[in-house]
Amino acid sequence: MALATPASHGATTAASLTTQLTGAKRDIRGRAVEAVLLATLALSLLILVALVVNLVQRSWPVLSGRLGDFLSSGLDASNATEAGVWQAIRGTLTLAVIVAIVAFPLGIACAVFLEEYAGKSFFARLIRINVRNLAGVPSIVYGILGLTIFVKFADGITGGRTVISGGLALAVLVLPVVIITASEALRAVPQSIREGAYGVGATKWETVRSHVLPSAAPGILTGTVLALSRAAGEAAPLLLVGGITGLLRTGDQGLWEQITKGGFTSMPVAIFSYARQTGADFQAVTGAASLILLILVILINALAIWLRNRFEKQW
Amino acid sequence: MMDTRVTVKTQDGVEGMDANNATEAAPVFRTRDLAVYYGDFRAVRDVDIEIRGQDITAFIGPSGCGKSTVLRCFDRMNDLIPSARVEGTVEYHGIDLYGKDVDAVEVRRRVGMVFQKPNPFPKSIYDNLAFGPRLNGIKKKAELDEIVESSLKRAALWDEVKDRLKASAMGLSGGQQQRLCIARCIAVKPDVILMDEPCSALDPIATARIEDLMQEIKQDFTIIIVTHNMQQAARVSDRTAFFTTEVNPESDRRTGVLVEFDDTQKIFSNPGDDRTEAYVTGRFG
């Protein structure tokens, strides 16, 4: 035992106690761990910074030369000086709205059922495990699903290869993630709150609506909006359900016609189409498009944080 | 001084009830061969008990003796635990609480509950109080205001919070939160209030306030309190039930049993069972 017993302290003087308390062996291991952790953090940040710097550098000709033109031009993978992201931004935002409308209510409802109503039966456990597995299914598989169901089978409703089919495919893709994050937020609500509501004679639905959902709202919101930013960044399923890669002519179609009948593209799909082209010109265009997608995703995440803070303030 | 005041009030209450309540003799709760299982674990067995109206009844006993489990049968809170199963009968004013057509929600509107840890809703003080009445269909603001005020007054909390009814209930102290929970219970005008160790998370001063409060409201409500604190049971209750655990020698598993149920004074001064005496004199548990 390196440590002295209290009895032996009786003889120590104030001076020797001071040396004992201040001059003890340094916590070398602890310092080492701290240094390693700091280094990993620095490395991760460095990679991110390098990515952004590289993107800016690469896209500088576009950013400095024709940024306004780039933002307002349509998709054109044949001519780098004409290429732009206007349609892609609009497509991504439309997709995001469709995902939000379809996946959020559906996913939250599923989570409420699984957490508050389903109990612990074998059937409920089976569904929970399956939802977790679905969250891990590669996105391209959802593209095939979208092609079979939304484009081919439900052609009459979606209009075939439209932004609606794309949005639905993405909604199905993020649905498991929405269910899982909403479930976790619901599970984090203390049981005592439910007991308090039941204790004054609330029904299950009154308890869920008045207390459980409001308490879980910040967590649910954060999770769902993060799912949204994942949907905004997906290219693979959209390529299968008909995201346009080459040249997209919207002509004089109205907004509603474009949504229900016209072709569509999105930011990741546009980046994909530009990245396939050769030459420094297209490298710059690809870089600029990537940067704009990055900004879009950051904006969506910022919205998530803002919404969460707003909801938390209510109580 | 406090004692005199309480006694007078209690007597008034009893007289009033004798005069206009013919069913006074009938118990509020009566259990027969009550046993509760969690999965295949039998938590408590063979409980036969009659709870009289307008009394404070205390359940005491060592940890794991099933006193909280029995308490949670009276408002069907055990329903919330998926594995819990109740055998035997629990009658409330002669009606089988676990009968086929009995709605647990309706039971809980008549039998309120105060929990061990204060559990105010993360909302304003006003909304905490108004939640129950709103469930009962009361929507007029004036009526809700009246209920909120009178409930907070009954729970001796009004003077402390009347200027901040819109403030979050989470900002109150632990003792205030627990009195808020009692007020929340009172606001739905229940017949019975169950208290599951309501003071175990509170300091002695807050505890004393809750005990005073119980004396204040006992003439209007039947109160059953589970407590680990024997002095508390002796101070506040009229009747005391002592539970303990019995070990099954074959399976080595513990089950709670009701040992003795009598007037509090008798339980603490002249108990009929050796185990009760050992417990109340501090020799075990």
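This short talk walks through a predicted model with chains A and B.

Some ground rules. Residues count from 1 along each chain as its sequence is written, and chains are lettered from A, with ligands numbered from 1, in the order in which they are written. Because the model is predicted, local features need pLDDT of at least 70 and side-chain atom pairs pLDDT 80 or more, while totals for chains, interfaces and linings use all residues.

Start where the chains meet. The contact takes 17 residues from chain A and 21 from chain B. Contact means C-beta atoms, placed from the backbone, within 7 Å. On the chain B side, helix 3 (104–110), strand 6 (111–114), helix 4 (125–135) and helix 7 (174–187) each give at least two residues. Helices here are DSSP runs of H or I, at least four residues, and strands are runs of E, at least two, numbered from the N terminus. That side of chain B has 12 nonpolar, 4 polar and 5 charged residues. Nonpolar is Ala, Val, Leu, Ile, Met, Phe, Trp, Tyr, Cys and Pro; charged is Asp, Glu, Lys and Arg; the others, Gly among them, are polar.

Now take helix 4 of chain B. Is it buried or exposed? Of its 11 residues, 8 are buried, so the rest of the structure largely encloses it. Buried means 20 or more other C-beta atoms within 10 Å of the residue's own; 12 or fewer is exposed, in between is partly exposed, with C-beta atoms placed from the backbone. Among the buried ones are B:Leu129, B:Phe131 and B:Pro133. What do the buried residues pack against? Helix 11 of chain A, together with helix 5 (141–154), helix 6 (158–161) and helix 7 of chain B. After helix 4 comes B:Gly137, with a positive phi near 90°.

Next, the sheet in chain B. It is open and mixed, with 10 strands in the order 5-4-1-2-10-9-3-8-7-6. Strands pair if DSSP finds at least two bridges between them. Strand 5 (95–96) and strand 6 stand at the edges with a single partner strand each, so one side of each has no neighbour in the sheet. Strand 2 (residues 41–51) and strand 10 (residues 254–263) of chain B run parallel, joined by 2 bridges. B:Arg45 stands opposite B:Val257 of strand 10.

Last stop, chain A. A:Ile144 lies in helix 7 (residues 139–153) of chain A. A:Ile144 is partly exposed, with 14 other C-beta atoms within 10 Å. Its C-alpha is 7.6 Å from that of A:Val241, 97 residues apart along the chain.

Conventions
Contact = placed C-beta atoms within 7 Å.
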